[in-house]
Amino acid sequence: PADNQKFSLQEVLDTFKLCLSENKEVYLEQYVAGWRGLVKFLNSLGSVFGFISKDAVSKLQILVNYMNGENASHYATVQSMVKYELDNNLVDVNKKESHPESGCRTLLRLHRALRWLELFLDRLRTSTEDSKTSALCAEAYNESLAQHHPWMIRKAAGMAFLVLPGRQTFFEVMNVGPPEQVVAKLGEALPLISEVYQITEDLYAQHNLLDLP
């Protein structure tokens, strides 16, 4: 793939570093940029993760449209977006009605997938050479995304994970260097991703948004 399509763990690390404001608000622009990097990661592993990366790309586009739209000022941070959409009844809180593509709902789908990636990358970081990536990935999935997916998707995901490449391939895809450097870089990146995740999780919990239909 062309260089700008290649995944770079360093790039994702840098982006998530810029994600939080001084008072811990999450900048949407950086969040989207960080996710774009993660999509490159998913795509570089072949079609296995296509079902997640395609969905992520369409969700990112919805957010970008809001960020560039007439109410752009309200979509600067996750916090300002949540406040604006709730204040203006732009979120379908109980059932799907007229706002199936609200920013809050769209971000929630990405948020759940981010948790899965965070758990999976953390397992890769602490794994050994003979660890099975398929098992690591399935464990992370079952702890996170699986709870929100219908049976058919869970079944397809389970099959997809079985053909995952080995740990070495994952490490090469990171474009960082030898395995110990990858492990160190993941050790830097994951706490940042985790913090962004947790701040979003707490915000959504506070407004009862974690189960948006």
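Helix 1 and helix 9 are roughly parallel to each other (angles under 35 degrees count as such). In this predicted model, local features need pLDDT of at least 70 and side-chain atom pairs count only at pLDDT 80 or more, whereas totals for chains, interfaces and linings use all residues. Residues are numbered from 1 along each chain as its sequence is written, and side-chain values use heavy atoms, with hydrogens and water left out. Helices are DSSP runs (H or I, at least four residues), numbered from the N terminus.

The axes of helix 1 and helix 9 cross at roughly 30 degrees and come within 9 Å; axes are lines fitted to C-alpha atoms over the stretch in contact, and angles run from 0 to 180 degrees between N-to-C directions. Helix 1 passes helix 9 in a left-handed crossing, that is, the near helix is turned anticlockwise from the far one by less than a right angle (clockwise for right-handed). In this contact (heavy atoms within 4.5 Å), helix 1 contributes Leu9, Gln10, Val12, Leu13, Phe16 and Lys17, and helix 9 contributes residues including Val182, Leu186, Leu192 and Val196. By class, ten of the contact residues are nonpolar, one is polar and three are charged. Ala, Val, Leu, Ile, Met, Phe, Trp, Tyr, Cys and Pro count as nonpolar, Asp, Glu, Lys and Arg as charged, and the others, Gly among them, as polar.

Helix 1 (residues 9-17) also packs with helix 2 (residues 28-43), their axes coming within 8 Å and crossing at roughly 160 degrees. Helix 1 is therefore roughly antiparallel to helix 2 (angles over 145 degrees). This crossing is left-handed. Glu11, Val12, Thr15 and Phe16 of helix 1 make the contact with residues of helix 2, among them Gly34, Gly37 and Leu38. The contact residues comprise four nonpolar, four polar and two charged.

For helix 4 (residues 78-87) and helix 9 (residues 179-206), the axes come within 11 Å and cross at roughly 15 degrees. These two helices are therefore roughly parallel to each other, and their crossing is right-handed. Val78, Gln79, Met81 and Val82 in helix 4 meet Ile199, Thr200, Leu203 and Tyr204 in helix 9. Six nonpolar and two polar residues, with no charged ones, form this contact.

The largest pocket has a volume of about 290 Å³. A pocket is an open set of points, on a 1 Å grid over the protein atoms alone, where a 1.4 Å probe fits, with protein on both sides within 12 Å along at least five of seven lines; lining residues have an atom within 4 Å of a point. Grid points are joined across faces, edges and corners, and the volume is the space filled by probe spheres set on the points. Of the 15 lining residues, Asp55, Lys59, Arg109, Leu145 and His149 lie nearest the centre of the pocket.

How values were computed. Parallel < 35°, antiparallel > 145°, perpendicular 65-115°, else oblique.
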